[in-house]
Amino acid sequence: MVDILNLALPYFGLIFVGFACGKVKSLPESGLAWMNFFLLYVSLPALLFAIMSKTPFAELNNPPFLVATTLSTVVAFTLALIVGKVLGRLTLREATLAGLSGGYGNIGYMGPGLALAVLGTKAAAPTALIFCCDSIFLFTIVPLLIELSDRDHPSIVHAFGVVLKQIVLNPLIMSACFGAAVAALHIELPVALDRTITFLQNAAAPTALFVLGVTVALRPFDRVPWEVPGVIAVKLLIHPLAAFGLMLAFGPFAQPWAATAVLMASLPPALNVFVIARQNDAWIESASVAVLLGTFASVVTLTSVMWLLQTGRLAFP
């Protein structure tokens with residue numbers, strides 16, 4: 001258990017350092033703009049590109065694994081959306097964002113670094129694949145449902161145009177795709193470029209976790225809407241259970257792959273949930289609370305999953 005805490009505490013410690021700085025230092029939230037830009041367009045894309053480009057392409061061709069992991073996210077998204085509709089009596093637009101909170105874990109900010117630290121380099125390929133497939137699904141279904149709920153733009157053609165734009169312009173998805181292309185074509189990067197990418201990718205995890213902590217600290221916390229605990233329960237409990245069951249149903253998979261799927265499903269709601277809620281001017285306060293409480297609750301749930309995986313108590317045939 002000490003080894004697990006030594007792995008988990010630096011990650012959560014960086015979040016709490018950022019949280020403490022956000023509470024103590026009165027700086028405007030606009031100060032995070034360049035850090036967020038660096039993460040979204042430079043450091044995290046470099047990390048995903050490096051993971052994909054250095055993974056043999058044959059390992060990336062695993063359709064059963066892709067279907068199983070994506071289906072677990074579909075289950076979590078759907079259940080969280082239903083929770084939002086039933087408990088919170090939300091509109092379709094608001095319930096869609098609740099579904100996003102229940103299905104979209106912090107796979108960008110926390111996922112790659114944590115998976116590699118807990119499971120080693122064999123977790124690199126499944127981590128990148130899960131990120132790509134989850135992102136494509138969620139960045140397809142969420143804009144589609146939101147556009148269809150917009151009375152000003154009810155056209156299905158317009159909705160699919162928005163979806164396509166979201167995917168093509170997403171730097172994380174595109175960087176992973178370029179990395180897969182480099183792996184497939186066996187392209188050797190120049191040494192200077194490879195070292196630059198390594199330098200950038202090493203900055204991704206600490207910067208992302210610190211920004212996450214600061215952003216959560218700056219969010220108002222007045223009340224807990226009825227649907228938020230249910231949405232968090234879906235994300236932290238049902239999502240990893242669904243991933244575990246689907247790994248057994250679609251497997252067998254290698255232990256590092258199946259373990260990565262469960263670990264990634266156990267991550268708390270992504271900070272992007274709040275960003276997307278603010279962009280769509282819906283469910284903003286609730287999204288903020290879900291990210292805050294989900295992050296704190298995951299100290300227990302995520303650490304427990306890490307302990308089960310590391311000790312072999314959660315093994316796959």
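**Figure 1. Tryptophan 226 in the loop between helix 11 and helix 12.** In this predicted model, tryptophan 226 is placed in the loop that lies between helix 11 (204-217) and helix 12. Its relative accessible area is 76%, and because a value over 50% counts as exposed, tryptophan 226 is classed as exposed. Trp226 is also one of the residues that form a nonpolar patch on the surface.

**Figure 2. The nonpolar surface patch.** The patch consists of Val67, Leu71, Val75, Leu79, Ile82, Val86, Leu87, Trp226, Leu237, Ile238 and Phe250, which together have about 990 Å² of accessible area. At least two residues of the patch come from each of helix 4 (63-87) and helix 12 (227-250). Helix 4 makes the greatest contribution, with seven residues. In an α-helix there are 3.6 residues a turn, so residues three or four places apart point the same way.

**Figure 3. Helix 2, its kink and its cover.** Helix 2 comprises 21 residues (residues 33-53) and spans 29 Å from its first C-alpha to its last, close to the 30 Å expected at 1.5 Å a residue. A kink of about 45° is centred on leucine 39. Leucine 39 is itself among the buried residues of helix 2.

Figure 4. When neighbours within four places in sequence are left aside, glutamate 59 is in contact with Ala125, Leu129 and Trp257. The C-alpha atom of glutamate 59 is separated by 30 Å from that of leucine 271, and the two residues are 212 residues apart along the chain.

Figure 5. Serine 288 belongs to helix 15 (residues 284-310). The relative accessibility of serine 288 is 3%, and this residue therefore counts as buried, the limit for that class being under 20%. Not counting residues up to four places away in sequence, serine 288 touches Arg219, Pro220 and Phe274.

Note on methods:
Residues numbered from 1 in each chain as written. Predicted model: local features only at pLDDT ≥ 70, side-chain atom pairs only at ≥ 80, totals over all residues. Heavy atoms only, no water. Patch = residues over 30% accessible without salt bridge, like charges linked within 9 Å, V, L, I, M, F, W, Y side chains within 5 Å. Areas by Shrake-Rupley, 256 points an atom, 1.4 Å probe, with all protein chains shown as cover. Salt bridge = Lys/Arg side-chain N within 4 Å of Asp/Glu carboxyl O. Helix = DSSP H or I, 4+ residues; strand = E, 2+ residues; numbered from the N terminus. Buried < 20%, exposed > 50% of the residue type's maximum accessible area, 1.4 Å probe, protein only. Expected span 1.5 Å × (residues − 1). Bend = angle between axes of the 7 residues up to and from the residue. Contact = heavy atoms within 4.5 Å.
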